[in-house]
Amino acid sequence: MAQEIATLAGGCFWCTEAVYQTLKGVESVQSGYIGGTRVDPTYEEVCTGNTGHAEAIRIAFDPAVISYADLLDIFFATHNPTTLNRQGNDIGTQYRSAIFPHSAEQQAEALAGIARAQVDQVDPVVTAIEADAPWYPAEDYHQKYWERVGDQNPYCMAVIPPKLAKLRKGFAARIEE
């Protein structure tokens, strides 16, 4: 099986990671940082907004089971791609909506995904397509956050269940039993 990688930034990585954990064909999801200037940034540094990094997820997936286009459609359905540098109460460039393609094919799919997403939006989609850049995994305590302790965090309880409801409503056939 050929594995591919998708890197997406859609606000808080705890919230984005939770969406992709249960999808058929997704082999792993890692939270991390991409698109900034500091080498090996910490969460605290990224949170200042001064490093230029986005909180993002890196998805390893089997394209024979789930396509990159499907991952993008889920991405656009489960975050707000029309708010610049913001997702809900999370404000700053670290919470931007961005796609980091790993190939020319992914670049073309990203453009097509934005066009598909725009059809469902009143406001312009502001999701950026950014160049692939060094990936820095987030600290261990951020990995699989929702699965481990998210139900103990009021912020996560307010944000993640509605995202998962959108996932179940629009993409039920893509979710593992």
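**Figure 1. Of the 177 residues in the chain, 47% are buried.** Buried means under 20% relative accessible area, exposed means over 50%, and partly exposed lies in between (1.4 Å probe, protein chains only). The model is predicted, so local features need pLDDT of at least 70 and side-chain atom pairs count only at pLDDT 80 or more, while totals for chains, interfaces and linings use all residues. Residues are numbered from 1 along each chain as its sequence is written, and side-chain values use heavy atoms, with hydrogens and water left out. The C-alpha trace of the chain spans about 40 × 35 × 35 Å along its principal axes.

**Figure 2. The surface of the chain and its charges.** The chain exposes about 8,500 Å², and carbon and sulfur atoms supply 54% of this area. Accessible areas come from the Shrake-Rupley method with a 1.4 Å probe; for residues, only the protein chains shown count as cover. There are 13 positive and 23 negative side chains, and the centres of the two sets lie 6 Å apart. Lys and Arg count as positive and Asp and Glu as negative, with His and the chain ends not counted. The place of a charge is taken as NZ of Lys, CZ of Arg, CG of Asp or CD of Glu.

**Figure 3. Six helices and eight strands make up the secondary structure of the chain.** Helices (H or I, at least four residues) and strands (E, at least two) are DSSP runs, numbered from the N terminus. The elements follow one another from the N terminus as β-α-β-α-β-α-β-β-β-α-β-β-α-α. Among contacts between residues at least 6 apart in sequence, 75% join residues at least 24 apart. A contact here means heavy atoms within 4.5 Å.

**Figure 4. Six strands form an open sheet with mixed pairing.** The strand order is E7-E6-E1-E3-E2-E8. At the edges are strand E7 (128–129) and strand E8 (135–137), each of which pairs on one side only. Two strands pair if DSSP finds at least two bridges between them. Strands of a sheet pair through backbone hydrogen bonds, either parallel or antiparallel.

**Figure 5. Strand E1 (residues 4–10) is largely enclosed by the rest of the structure, because five of its seven residues are buried.** E1 pairs with strand E3 (residues 54–61) in the antiparallel sense over five bridges. In this pairing, Glu4 stands opposite Phe61 of E3, and Thr7 stands opposite Arg58 of E3. E1 also pairs with strand E6 (residues 97–99), in the antiparallel sense over three bridges. Here the bridge partner of Leu8 is Ile99 in E6.

**Figure 6. Helix H1 (residues 13–20) has eight of its eight residues buried, so it is largely enclosed by the rest of the structure.** The buried residues of H1 are Phe13, Trp14, Cys15, Thr16, Glu17, Ala18, Val19 and Tyr20. An α-helix has 3.6 residues a turn, so residues three or four places apart point the same way.

Figure 7. Tyr68 counts as buried because its relative accessibility is 6%. Not counting residues up to four places away in sequence, Tyr68 touches Ala6, Phe61, Ile99, Pro101, Gln106, Glu109 and Ala110. Tyr68 and Glu109 are 41 residues apart in sequence, and their C-alpha atoms are 7.4 Å apart in space.

**Figure 8. Thr78 lies in the loop between helix H3 (68–77) and strand E4 (86–87).** Thr78 is buried because its relative accessible area is 5%. Leaving aside neighbours within four places in sequence, Thr78 is in contact with Val19, Lys163, Lys166 and Leu167. The C-alpha atoms of Thr78 and Ile175 are separated by 14 Å, and the two residues are 97 residues apart along the chain.

**Figure 9. The loop residues Asp40 and Asn85.** Asp40 is in the loop between strand E2 (26–34) and helix H2 (43–47). The phi of Asp40 is near 50 degrees, a positive value in a residue other than glycine. Asn85 is in the loop between H3 and E4, and its phi, near 55 degrees, is also positive in a residue other than glycine. Asn85 counts as partly exposed because its relative accessibility is 24%.
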